[in-house]
Amino acid sequence: MAKTVFKAEMDKWPEEQAIKTHNRWHPDVPIVEMFKPGDEFRVETYDWTGGQINNDDSANDIRDVDLSKVHYLSGPFGVEGAEPGDLLVVDINDIGYLEDSQWGFTGIFALENGGGFLDKHFPEARKACWDFHGIYTTSRHIPGVRFPGLIHPGLIGTLPSADLLKTWNDRESALFKTDPDRVPPLCTLPDGMAGTTTALMGQMTGDAGKAAGQEAARTVPGREHGGNCDIKNLSRGSKCSFPVYVKGAGLSMGDIHWSQGDGEITFCGAIEMAGWIDIAVDVIKGGVKTYGITNPVFIPSQVEPNYSNYLIFEGVCVDEHTGEQKYLDATVAYRRACLNAVEYLKKFGYTGEQAYMILGTAPCEGRISGIVDIPNACCTIAIPTDIFEFDIRPSASGPKGISSGVDAASCT
């Protein structure tokens with residue numbers, strides 16, 4: 001077994017650990033430990049909220065979660081010889097849950113606190129908790145489904161340079177200013193110079209840590225360095241190549257998902273968990289220029305759930321609220337595909353919130369099926385039919401599904 005080089009002390013808040021995590025991107029976050037090319041090691045991580053969510057039947061914690069503190073990332077780790085312009089090659093050799101945390105959660109975030117892909121349709125907080133049974137998971141809040149995990153880090157990436165950080169902040173600030181009162185906001189900006197910050201900057205403390213935290217980038221979106229891209233096939237056995245922007249690369253990771261549908265559409269849409277990742281590292285000198293890299297590239301895992309039967313829902317880019325025709329808008333088309341799937345699953349006894357969560361957690365496949373046939377982009381979402389304990393395929397006898405009366409946890 002690989003040596004554990006970073007512990008997640010589950011009986012403590014991340015801020016209380018001896019070796020602290022970080023929840024912002026900044027070039028000056030100190031490297032935790034250096035490794036040589038070819039080294040292998042194990043990294044433990046908190047769930048993305050740092051333990052703010054409980055294994056219970058209330059969604060109050062989802063409603064009230066402090067999103068200014070997330071994500072809690074383990075690292076950064078340095079690799080000897082890595083310099084700007086190189087590629088950091090990361091093999092994900094294995095990944096799993098912590099022995100003292102064998103459960104996960106899914107949340108629909110309230111519209112005013114993050115929202116989600118279908119936030120106008122599902123604006124209130126909901127939660128589902130999941131139990132792990134070997135390779136499978138089930139939820140007391142969503143009966144009738146059982147599927148194996150495709151465990152992956154939702155967030156993994158390298159530290160940005162000062163120039164890249166400025167680029168991020170400049171372009172996201174410009175976007176924010178186009179509609180500063182939007183709910184949810186168009187993006188999450190650095191804490192700024194207001195005098196307070198919830199930034200956790202790893203081993204950087206004092207005035208230097210505070211100053212860096214006020215300009216550091218939030219971890220919410222994926223960017224050129226990787227980050228929060230939520231790619232479900234980045235599982236055990238995959239190989240990733242990340243652009244290097246600072247000496248040593250500064251690799252960090254967290255936000256482990258037991259399983260996720262393409263798009264992680266509820267925002268907290270995967271099955272979130274605390275866990276561990278076994279990785280190996282290497283360096284390709286000058287790889288960014290050699291291969292024309294702007295964003296990370298990866299070779300997916302050959303180990304994944306083996307489903308061959310799917311029910312596929314189409315959507316085209318016509319706004320569901322106004323009926324307005326959009327031009328090749330894949331976001332609207334995918335939203336319509338997801339809404340079509342939700343309405344279908346409701347006919348089998350699920351609530352809209354349960355159906356929404358199934359699309360976000362199960363190994364559903366999202367596709368841009370057509371992006372050239374003006375004016376309608378066509379997107380699809382494919383649901384594996386075998387995850388259900390009953391037949392969801394259309395038939396002359398009509399839908400027959402659950403009748404338990406169970407729903408996702410709501411707020412009290």
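Modeller: Let's begin with a sheet. Strands of a sheet pair through backbone hydrogen bonds, either parallel or antiparallel. Here 6 strands make an open sheet, ordered β1-β4-β18-β6-β15-β19, with mixed pairing. A strand is a DSSP run of E with at least two residues, a helix is a run of H or I with at least four, and both are numbered from the N terminus. Two strands pair if DSSP finds at least two bridges between them. Keep in mind that this is a predicted model: local features need pLDDT of at least 70, side-chain atom pairs count only at pLDDT 80 or more, and totals for chains, interfaces and linings use all residues. Residues are numbered from 1 along each chain as its sequence is written, and side-chain values use heavy atoms, with hydrogens and water left out.

Biologist: Which strands stand at the edges of that sheet?

Modeller: β1 (4-6) and β19 (297-299) do; each has a single partner strand, so one side of each lacks a neighbour in the sheet. On average, neighbouring strands of this sheet are turned by 35 degrees against each other, direction ignored. For such angles, axes are lines fitted to C-alpha atoms, for helices over the stretch in contact, and angles run from 0 to 180 degrees between N-to-C directions.

Biologist: How many bridges join β6 to β15?

Modeller: There are 5 between β6 (residues 87-97) and β15 (residues 239-243), and the two run antiparallel.

Biologist: Where is a hairpin?

Modeller: Look at β9 and β10, which a hairpin joins through 2 residues. β9 (residues 136-139) pairs with β10 in the antiparallel sense over 3 bridges, and Tyr-136 stands opposite Pro-148 in β10. Buried means under 20% relative accessible area, exposed over 50%, and partly exposed in between (1.4 Å probe, protein chains only). In β10 (residues 142-148), 6 of the 7 residues are buried, so this strand is largely enclosed by the rest of the structure.

Biologist: How many disulfides does a search of the whole structure find?

Modeller: A disulfide is a covalent bond between the sulfur atoms of two cysteines. The search finds 0, counting a pair of cysteine sulfur atoms within 2.5 Å. Cys-379's sulfur is 6.8 Å from the closest cysteine sulfur, that of Cys-378, too far for a bond. Cys-378 counts as buried at 17% relative accessibility, and Cys-379 does too, at 2%.

Biologist: And what lines the largest pocket?

Modeller: A pocket is an open set of points on a 1 Å grid over the protein atoms alone where a 1.4 Å probe fits, with protein on both sides within 12 Å along at least five of seven lines; lining residues have an atom within 4 Å of a point. Here the largest pocket has 42 lining residues, with Gly-114, Gly-116, Leu-186, Val-220 and Phe-267 nearest its centre. α5 gives the most to this lining, with 4 residues.
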